[in-house]
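Please keep the structure open while you read.

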Amino acid sequence: MTRRSEYTAPFAGDGRGDGTEGGEPPAAGFPSARGRRRDEQLQDPVEQARAICLRLLTGTARTRKQLAEALRKREIPEEAAEEVLSRFEEVGLIDDAAFAGAWVESRHHSRGLARRALARELRTKGVDSGLIDEAVEQLDPEQEETTARELVDRKLRSTRGLDRDKRLRRLAGMLARKGYPEGLALRVVRQALEAEGEELEDFPDGV
């Protein structure tokens with residue numbers, strides 16, 4: 001019984017397939033024409049930059065600075081990086097304003113961060129100061145104070161049994177670390193402690 005040829009069309013001498021002459025399969029150890037084209041594309045800095053950015057943006061928004069730093073670490077030439085980053089901005093794949101707005105909303109609701117802390121985080125991600133200002137303005141002072149009260153209410157129980165001064169410092173410190181202004185933090189904490197019956201009359205006004 002005749003054994004079937006190991007290679008069938010398109011390697012039957014019709015000139016189709018991987019682009020090798022006469023339709024012959026590539027010799028062992030040598031890349032096909034399709035493979036060579038793919039390698040050439042990956043060697044192109046612009047193609048490399050595009051592939052890196054698309055991979056990093058999959059499922060996660062990033063700022064232009066974050067992507068630029070990633071390309072720099074991978075030694076992509078600056079000219080190629082700028083070309084790709086600018087193109088991604090044109091088509092909306094990079095949008096620092098949208099990133100900042102979503103960051104403020106997410107981090108305020110999930111972590112209770114105030115405007116000062118949110119602005120600090122956005123600066124580390126390379127967002128322009130003007131865009132940061134616009135984003136944090138989403139939080140009005142009333143919303144910020146409401147969130148501060150909720151944070152203190154959740155933490156209050158764990159401080160029971162401590163002396164008054166230590167409770168005050170611990171709760172106010174928690175709010176300070178989340179970016180709340182000192183005056184707001186102390187006022188909210190004082191009101192919460194007074195509601196529990198703590199005597200704070202000997203503290204000066206504003207504390």
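1. The expected span of a helix is 1.5 Å times one less than its number of residues. Apply that to H8. Its 16 residues should span 22 Å, and its end C-alpha atoms are 22 Å apart, so the two values agree. Keep in mind that this is a predicted model.

2. **Overall make-up.** The protein has 10 helices and zero strands. Read along the sequence, the pattern is α-α-α-α-α-α-α-α-α-α. The protein has 207 residues, and 35% of them count as buried. Take the contacts with a separation of 6 or more: residues 24 or more positions apart account for 54% of them.

3. **The largest core.** Which elements build the largest nonpolar core? This core has 18 residues. Helix H8 (141–156), helix H9 (164–177) and helix H10 (182–195) each give two or more residues to it. H10 gives the most, with seven residues. Among the residues with the most contacts inside the core are Val-152, Leu-171, Tyr-180 and Leu-193. In soluble globular proteins, nonpolar side chains tend to be buried together.

4. **Leu-156 as an example.** Leu-156 is another of the residues with the most contacts inside that core. Setting aside residues up to four places away in sequence, Leu-156 touches Arg-167, Leu-171, Ala-192, Leu-193 and Glu-196. There is also a second, separate core of 17 residues, which includes Leu-67, Ala-68, Ile-76 and Ile-94.

5. In H8, the buried residues are Glu-144, Thr-147, Ala-148, Leu-151, Val-152 and Leu-156. Their cover includes H5, helix H6 (115–124), H9 and H10. The N-terminal end of H8 is capped by Asp-140. A side-chain oxygen of Asp-140 lies 3.1 Å from the backbone nitrogen of Glu-142.

6. **Thr-147.** Is Thr-147 buried or exposed? Buried means under 20% relative accessible area. Thr-147 has 7%, so this residue is buried. Thr-147 sits in helix H8. What does Thr-147 touch, not counting residues up to four places away in sequence? The answer is His-108, Gly-112 and Tyr-180.

7. **H4, a helix with a buried face.** Helix H4 covers residues 78–90. Its 13 residues should span 18 Å, and its end C-alpha atoms are 18 Å apart, which agrees. Ala-80, Ala-81, Val-84, Leu-85 and Phe-88 are buried in H4. Seen down the axis of H4, the buried residues fall within an arc of 125°, so they line one face of the helix. The face turned away from that buried side carries the exposed residues Glu-78, Glu-79 and Glu-90. Helix H2 (45–57) and helix H3 (64–73) are included in what covers the buried residues of H4. After H4 comes Gly-92, with a positive phi near 90°.

8. **The aromatic pair.** How many aromatic pairs are there? The count comes to one. Phe-99 and Trp-103 form this pair, and it is stacked: 5.7 Å centre to centre, with 15° between the planes. Both residues lie in helix H5 (residues 96–111), four residues apart, about one turn of the helix. Phe-99 has a relative accessible area of 9%, so it is buried.

9. **Ala-135.** Ala-135 belongs to helix H7 (residues 129–136). It counts as buried because its relative accessibility is 4%. Ala-135 and Gly-101 are 34 residues apart along the chain, yet their C-alpha atoms are separated by 4.8 Å. Leaving aside neighbours within four places in sequence, Ala-135 is in contact with Ala-100, Gly-101, Val-104 and Leu-122.

10. **Glu-198.** Glu-198 is in the segment after H10. Its relative accessible area is 22%, so Glu-198 is partly exposed. Leaving aside neighbours within four places in sequence, Glu-198 is in contact with Arg-164, Arg-167 and Leu-193.

Key: Residues are numbered from 1 along each chain as its sequence is written. This is a predicted model: local features need pLDDT of at least 70, side-chain atom pairs count only at pLDDT 80 or more; totals for chains, interfaces and linings use all residues. Side-chain values use heavy atoms; hydrogens and water are left out. A nonpolar core is a set of buried Ala, Val, Leu, Ile, Met, Phe, Trp, Tyr and Cys residues joined through side-chain atoms within 4.5 Å. Buried means under 20% relative accessible area, exposed over 50%, partly exposed in between (1.4 Å probe, protein chains only). Contact means heavy atoms within 4.5 Å. The arc is that of the directions from the helix axis to the C-beta atoms. Rings of Phe, Tyr and Trp (its six-membered ring) pair if their centres lie within 6.5 Å; planes under 30 degrees apart count as stacked, over 60 as edge-to-face and the rest as tilted. A polar contact is a pair of N or O atoms within 3.5 Å; within protein, one must be able to donate a hydrogen and the other to accept it, and residues adjacent in sequence count only if both atoms are side-chain atoms.
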